[in-house]
Amino acid sequence: MKEGIKLEEIIQLLEQNRLAELKEILIKENPIDVADVFEEFPKEKDLIIFKLLPKDFSSEVFSYLSPEKQQEVIENITDEEIKFIMEDMYLDDTVDFIEEMPANIVDKILKNTSHDKRKLINQMLKYPENSAGSVMTVEYISFKDNYTVKQAIDYYRKIAIDKEETDICFVTDSKKKLVGIISLKTLILSNDDSYIKDEMDTNFVSVLTKDDQEETAALFRKYDLTTMPVVDHEDRLVGVITVDDIVDVIDQENTEDIQKMAAMNPSDEEYLKESVISLAKHRIIWLLVLMISATFTGLVIKKYEEVLQSAVYLAVFIPMLMDTGGNAGSQSATLVIRGIALEEIEFSDIFKVIWKELRVSVLVGFILSGINFLRIYYFTKSGFETSLVVAISMFLTIIMAKVIGGVLPLIAKSLKIDPAIMASPLITTIVDTAALIIYFQLSVIFLHI
């Protein structure tokens, strides 16, 4: 909430039954802030607050509530109140809300929704998950291309109050094919007798209903858009995607990538609200895969068992080499994965990536291996040969790790695999095995073991 009202004040007004005063205070607040207050209260109290609010304001507050609170409200208000909320909410918000609700609540909602809106809801629910159609809204304004500017403005005044997106309008022909867009500013500044088709902008970007939402988000970033039309396979306008919805998509996709980079199956649930069993289920598969893949590290150590027995002190430096290699590979992978996500790097750039990571790794490897040589030689009394083996192993491991970290995400992308899967845990496992082979082979060569 703003500084003008605090949670303690609301509690105090409720306890003193000063409801009229509380109502006056709340309606001056932003609906998002009022929704935040709801999350702090038990059911019996937030329902009192909800019923205090004017209908228009309460429906806006409702759209910002968490799914749990929305369900709580729907279960405890009248059918008439449900009907008003559903009719007043924007269609895309309604669809998002319905997708989170259990079947019995969905039935109650649809029963109290008008026939036309119910038809639109059902249509949007049929689009594939994570597609452009699933996040679009039909609350937009469109004109026929044979309208005059005056006709368009009159039409705009009549219907704009019920629409979500009103700054950009869309122009269709007689077959409802999208032929252009026109901004509200252009509309107002144009001559009343001009035709919309002469004033509209035909240079626009659109997406198909089944296009992936992540690709759609990339187009928003690339062209710096606030609104994008959605068309069917015959180029007929069926909806629009607004920037507020695409921000949610970007947040969702980023969260998914972070989870994959940490070797977890993605989950839409909030951490504190997700069950222990569900959290364990999302993590166990990748942990099993990585645990089994780590057996290769064990096989390498077993193969060079005689080397370790002959020079036990070599084992002291294994953790440092493996950790440094894994960290170096993760750094490169993270940067390349981010570049792929922003469409700054393509598979065709693989040799550019290798060349860049090679130069970076030589510079980083030279500095780190040099510092390590001096540290081991002067502070651990390990001898010149051992210090040299560790330093060279460090240098080669960093070069190998950074090149692998840069290349694997690109290979994954070319194979239609999410590059995030090739992040820290998997790269670390690969690099660990290779680092040990380099280390033991150099030990055999230089130490004559």
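The structure holds two cavities of 30 Å³ or more. It is a predicted model. The largest cavity has a volume of about 90 Å³. Ten residues line this cavity, and Glu-214, Arg-221, Glu-253, Asn-254 and Ala-341 are the closest to its centre. Three elements, α15, α16 and α20, each give two or more residues to the lining of the largest cavity. The biggest share comes from α16, with five residues. By type, the lining of the largest cavity holds four nonpolar residues, one polar residue and five charged residues.

The second largest pocket is described next. Its volume is about 590 Å³. The lining of this pocket consists of 21 residues, and Glu-214, Glu-215, Ile-340, Lys-413 and Pro-419 lie nearest the pocket centre. At least two lining residues of the pocket come from each of α15 (213–223), α16 (243–261), α20 (318–341) and α22 (384–414). Here α15 gives the most, with four residues. The pocket lining divides into eight nonpolar, one polar and 12 charged residues.

The table sets out the two spaces by volume and lining.

| Space | Volume | Lining residues by type |
|---|---|---|
| Largest cavity | about 90 Å³ | four nonpolar, one polar, five charged |
| Second largest pocket | about 590 Å³ | eight nonpolar, one polar, 12 charged |

How is the protein divided into domains? The parts are domain 1 (7–125), domain 2 (140–262) and domain 3 (276–447). Between the centres of domain 1 and domain 3, taken over C-alpha atoms, there are 52 Å. The second largest pocket takes at least three lining residues from domain 2 and at least three from domain 3.

One of the helices that line both spaces, α20, also packs against another helix. At what angle do α20 and α21 pack? Helix α21 covers residues 350–379, and the angle between α20 and α21 is about 155°, with the axes 12 Å apart. Angles over 145 degrees count as roughly antiparallel, so α20 is roughly antiparallel to α21. The crossing in which α20 passes α21 is right-handed.

Technical notes:
Residues are numbered from 1 along each chain as its sequence is written. This is a predicted model: local features need pLDDT of at least 70, side-chain atom pairs count only at pLDDT 80 or more; totals for chains, interfaces and linings use all residues. Side-chain values use heavy atoms; hydrogens and water are left out. On a 1 Å grid over the protein atoms alone, a cavity is a set of points where a 1.4 Å probe fits but cannot get out, and a pocket is an open set with protein on both sides within 12 Å along at least five of seven lines; lining residues have an atom within 4 Å of a point. Grid points are joined across faces, edges and corners, and a volume is the space filled by probe spheres set on the points. Ala, Val, Leu, Ile, Met, Phe, Trp, Tyr, Cys and Pro count as nonpolar, Asp, Glu, Lys and Arg as charged, and the others, Gly among them, as polar. Domain bounds come from an automatic or database domain assignment. Axes are lines fitted to C-alpha atoms, for helices over the stretch in contact, and angles run from 0 to 180 degrees between N-to-C directions. Angles under 35 degrees count as roughly parallel, over 145 as roughly antiparallel, 65 to 115 as roughly perpendicular and the rest as oblique. A crossing is left-handed if the near helix is turned anticlockwise from the far one by less than a right angle, and right-handed if clockwise.
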